[in-house]
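Visitor: I am new to this structure. Please show me how to read it, one feature at a time.

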Amino acid sequence: MRETVETWLKKSVKKLKDAEIASAQLDAELILAYVLGVERTFLHANPQKKLSKTLVFHANNFLNKRIKRVPLAYIFRKKDFFGRTFFVNENVLVPRPETETLIEITQKMLQPNDVALDIGTGSGIIPVTLKAEYGEKVEVFASDISLQALAVANLNAKKLLNQKIPLFESNLLEKIPSDILSKITIVTANLPYVNRDWVDFEKNNELHHEPQIALYARKNGLELIFELLFQAQDLPKLRKIVLEADPCQFEEIEKYANNCGFLKSKSENYTIVLDKK
Ligand SMILES: C[S@@+](CC[C@H](N)C(=O)[O-])C[C@H]1O[C@@H](n2cnc3c(N)ncnc32)[C@H](O)[C@@H]1O
């Protein structure tokens, strides 16, 4: 007997619940709607719609990935951020909603002729969004230590801006050309700041599907942030560094930043702003 929307959903929600996935109903509906190419409301309006074998095959394939806790963003190869849909794959961190605060704060303090450099750009959400929102007013550059991540950022810049963003493969500021560094006024960075001790590696977790290099940093998660602050103190035109970190790390960041010639001017949600003294 051919499956219907209703029978597929019922069976799949149960499987997801058995796998202890809290958003079981929503995830099953999102998967089926994606495979059918419809909105979720269509499923509610058409519970008796019969599903073809091919469609059920694809839906089951996605379902099995979800049961293994693969994030939906990787399954669908996309994630919404600040009103735009970004391409994502397993080489980049899944963009988080908390990073939207970093964008809002950065936007508010941008001045004409600012030159922004995003370090650890991943899928490119920060430079692409700043450029898309601010257009010609801001010049943006971005870098990442991962070439695979830069390929994704490049794709998103082309798709969402219809232009390229200059991208550099670099460990923090190390390999960024000095003529670029000399004009940077704003540095943004959502670098890895998760302390491995915060995560239960015994438990199946969505984090295990994301690149380790995008998540974890030594020294209580602060190693890369501290190293960036150390390197950035020599940038001649720098006005501000806007960082994402866990709020429990802000006090230590502020202290370290002080010694590198920066003063905390603001913190909100997961974003902290440091002004050059
Ligand atoms: C937390 S992810 C953030 C990605 C993106 N900015 C976002 O907000 O979704 C951190 C990124 O930093 C990059 N990264 C890790 N170590 C780095 C380093 N030493 N220098 C530059 N980038 C680094 C990772 O490859 C990853 O893309």
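Guide: Start with pairing: two strands pair if DSSP finds at least two bridges between them. Helices (H or I, at least four residues) and strands (E, at least two) are DSSP runs, numbered from the N terminus. Here seven strands form an open sheet, ordered S5-S4-S3-S6-S7-S9-S8, and the pairing is mixed.

Visitor: Which strands stand at the edges?

Guide: Strand S5 (167-169) and strand S8 (262-268) do. Each has a single partner strand, so one side of each is left without a neighbour in the sheet. On average, neighbouring strands of this sheet are turned by 20° against each other, direction ignored. For such angles, axes are lines fitted to C-alpha atoms, for helices over the stretch in contact, and angles run from 0 to 180 degrees between N-to-C directions.

Visitor: What kind of model is this, and how are residues numbered?

Guide: This is a predicted model: local features need pLDDT of at least 70, side-chain atom pairs count only at pLDDT 80 or more, and totals for chains, interfaces and linings use all residues. Residues are numbered from 1 along each chain as its sequence is written, and side-chain values use heavy atoms, with hydrogens and water left out.

Visitor: How many helices and strands does the protein chain have?

Guide: Twelve helices and nine strands. The C-alpha trace spans about 70 × 40 × 30 Å along its principal axes.

Visitor: What share of the residues in the protein chain is buried?

Guide: First the term: buried means under 20% relative accessible area, exposed over 50%, partly exposed in between (1.4 Å probe, protein chains only). Of the 277 residues in the protein chain, 50% are buried. Strand S3 (residues 114-119) has six of its six residues buried. Asp114, Ala116 and Asp118 lie on one side of S3, with Val115, Leu117 and Ile119 on the other. Both faces are covered.

Visitor: Which strands are joined to S3 by bridges?

Guide: S3 runs parallel to strand S4 (residues 138-144), joined by six bridges. Ile119 stands opposite Ser143 in S4. S3 also runs parallel to strand S6 (residues 186-189), with four bridges. There, Asp118 faces Thr188 as its opposite in S6.

Visitor: What do S3, helix H7 and S4 make?

Guide: A crossover is right-handed if, with the strands pointing away from the viewer, the path from the first strand over the helix to the second runs clockwise. S3, helix H7 (residues 125-134) and S4 make a right-handed β-α-β unit.

Visitor: Are S8 and S9 paired in the parallel or antiparallel sense?

Guide: Antiparallel, over six bridges between S8 and strand S9 (residues 271-276). Phe262 has Lys276 in S9 as its bridge partner.

Visitor: Which strands does helix H8 touch?

Guide: Contact means heavy atoms within 4.5 Å. Helix H8 (residues 147-161) packs on the sheet and touches S4 and S5. The direction of H8 makes about 175° with that of S5. Helix H11 (residues 223-232) lies across S3, S6, strand S7 (240-244), S8 and S9. H11 runs at about 175° to S7.

Visitor: Why is helix H6 called largely enclosed?

Guide: Eight of the eleven residues of H6 (residues 99-109) are buried, so the helix is largely enclosed by the rest of the structure. Among them are Leu102, Ile103, Ile105 and Met109.

Visitor: At what angle do helices H2 and H4 cross?

Guide: At roughly 145°. The axes of H2 (residues 24-36) and H4 (residues 53-67) come within 9 Å. The contact includes Ile31, Leu32 and Val35 of H2, and Leu55, Phe62 and Leu63 of H4.

Visitor: How far apart are His209 and Lys68?

Guide: They are 141 residues apart in sequence and 9.4 Å apart in space, C-alpha to C-alpha. His209 lies in the loop between S6 and H10. Not counting residues up to four places away in sequence, His209 touches Lys68, Arg69, Val70, Pro71, Tyr74 and Asn204.
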